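Please keep the model open while you go through this note. Each point takes up one feature to find on screen.

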Amino acid sequence: MSNPDAVLSIPFEITIAGIPLNIHLIVEYVAFFSAYRYYLYLRKNRMDPIAHSNRLSILLGAALGAFLGSRIMGFLENPMLDFANISLTQLFNLKTIMGGLFGGLLGVETAKWIIQEKNSSGDLFTLPIILGIFIGRIGCFLSGVNEFTYGITTSFVTGMDLGDGLKRHPIALYELLFLALLFFVLRKLYRQNKLENGLLFKLFMLSYFGFRFLIEFIKPNTFFVLGLSSIQWLCIGCFVYYRKTLIHLPRAYAKVYLL
């Protein structure tokens, strides 16, 4: 294994038998596995209004939409890339969870339209998605500046050296704290089981996209349209999509949390 001193350094790298391991990729697999197992657990312990065959079609639509959305938004974060000096593997790895979430949403809605499923399907996915993102963000933090999940330089007390010798906002850590709080709140609402069907997922999307809209201001983005990054424009698209819920978001949180 690599030098024990590397345990304290970011990016965190592991080498076994002379073979370097991609810690972020390993954590991503753990995130997918954990989220899926948690989803199965929740589905087993609560009656699902959607038939098993339709749920599988919805999962397929979510997976396809997430795959396409994550890659498209990954490219749009920096569309001025020099394709002459980027490998196919690097191009394939251009992805973002934001595109995955919104692409997955569109994929689900398309699948439901095809199979004519009328019930809301997002609530059962909500907590597993948060768990998966949380675990994935641990990998992002350990990858330091090797992943574009770090912030601009700062003299603030939270500034950390993420691998380039500069004190930067550890955005991945900020997100971990936010996700932990969001999971706690939404899990309580899920257990109360008194929400309108579909509202839990909408609350998650609006809360997470709202957080990401704000956090983008301290990321070292290089591509902007009208002063906003591609991710921020995607967040605005999410706000428009859920505009009816967005208008009543504070009241909805206050009301449902006191149920």
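1. Start with the second largest pocket of this predicted model. Its lining holds 18 residues. Nearest its centre lie Arg46, Asp123, Tyr190, Asn193 and Asn197. Two elements, α5 and α6, each give two or more residues to this lining.

2. How much space lies in the second largest pocket? About 270 Å³. Sorted by class, its lining has six charged, five polar and seven nonpolar residues.

3. The largest cavity holds about 40 Å³. Its lining consists of Cys140, Phe141, Gly144, Thr149, Tyr150, Leu162, Pro170, Ile171 and Ala172. Here α5 and α6 each supply at least two residues.

4. What classes of residue line the largest cavity? Seven are nonpolar and two are polar. None is charged. The lining of the second largest pocket, by contrast, includes six charged residues.

5. Move on to α6. This helix has 22 residues. From first C-alpha to last, α6 reaches 32 Å, close to the 32 Å expected at 1.5 Å a residue. Its buried residues include Ile171 and Ala172, both of which also line the largest cavity. Tyr190 of α6 is buried too, and it is among the residues nearest the centre of the second largest pocket.

6. Check what comes after α6. Asn193 follows the helix, and its phi is positive, near 55°. Asn193 is also one of the residues nearest the centre of the second largest pocket.

7. Next is α1, residues 23-44. Does its length agree with a count of residues, or disagree? At 1.5 Å a residue, its 22 residues should span 32 Å; the end C-alpha atoms are 32 Å apart, so the two agree.

8. Which residues of α1 are buried? They are Ile23, His24, Val27, Glu28, Ala31, Ala35, Tyr38, Tyr39 and Leu42. Seen down the helix axis, these buried residues fall within an arc of 135°, so they line one face of α1. An α-helix has 3.6 residues a turn, so residues three or four places apart point the same way.

9. The face away from its buried side carries exposed residues: Tyr29, Phe32, Phe33 and Lys44.

10. Finally, ask what the buried residues of α1 pack against. The partners are the strands β1 (14-16) and β2 (19-21), and the helices α2 (52-76), α5 (123-143) and α6 (171-192).

Terms used:
Residues are numbered from 1 along each chain as its sequence is written. This is a predicted model: local features need pLDDT of at least 70, side-chain atom pairs count only at pLDDT 80 or more; totals for chains, interfaces and linings use all residues. Side-chain values use heavy atoms; hydrogens and water are left out. Helices (H or I, at least four residues) and strands (E, at least two) are DSSP runs, numbered from the N terminus. The expected span of a helix is 1.5 Å times one less than its number of residues. Buried means under 20% relative accessible area, exposed over 50%, partly exposed in between (1.4 Å probe, protein chains only). The arc is that of the directions from the helix axis to the C-beta atoms. Contact means heavy atoms within 4.5 Å. On a 1 Å grid over the protein atoms alone, a cavity is a set of points where a 1.4 Å probe fits but cannot get out, and a pocket is an open set with protein on both sides within 12 Å along at least five of seven lines; lining residues have an atom within 4 Å of a point. Grid points are joined across faces, edges and corners, and a volume is the space filled by probe spheres set on the points. Ala, Val, Leu, Ile, Met, Phe, Trp, Tyr, Cys and Pro count as nonpolar, Asp, Glu, Lys and Arg as charged, and the others, Gly among them, as polar.
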